[in-house]
Amino acid sequence: MWLSANRLPAKHRLLSGLGLAAALGLSGCQMDIGGQTLPSPYWQTDDVQYFPAGPEFKLAREAAAMKAFKQDQNQARPAGPPAAAGPEAAPMPGDVGP
């Protein structure tokens, strides 16, 4: 049988109120939501962390290095068409030679 708050003795209401206040006081109001701890009890004294906006593409230096490498490879290659190698151009594994 459930008792309403009006039917509880004053002693029980007082103890229930103190228990509820102690539970709230011990647990605090700090929550972890999406990796953020909100709100902190020291929010007024915390320093503000500001991260300026960076470039949209995070790997700009790596992309520039890859592009420069590719350009160096293209410049080192001869400009003419590659020489067509015939079947006798490459020695066979067991071939000793003339």
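**Surface, fold and confidence of the chain**

The chain has an accessible surface of about 10,100 Å² (Shrake-Rupley method, 1.4 Å probe), and carbon and sulfur atoms hold 63% of that surface. The model is a predicted one, with local features needing pLDDT of at least 70 and side-chain atom pairs pLDDT 80 or more, while totals for chains, interfaces and linings take in all residues. Residue numbers start from 1 along each chain as its sequence is written, and side-chain values rest on heavy atoms, leaving out hydrogens and water.

As for the fold, 2 helices and 2 strands turn up in the chain, in the order α-β-β-α from the N terminus (DSSP runs: helices H or I, at least four residues; strands E, at least two).

Confidence, given as pLDDT (0 to 100 for each residue), averages 74 over the chain, with 59% of residues at 70 or more. Helix α2 (residues 60–76) has the highest mean, 93, and strand β1 (residues 31–33) the lowest, 71.

Now to helix α1 (residues 10–27), where L14 sits. L14 is exposed (over 50%), at 54% relative accessible area.

Methods: Buried means under 20% relative accessible area, exposed over 50%, partly exposed in between (1.4 Å probe, protein chains only). pLDDT is the predictor's confidence in each residue, from 0 to 100.
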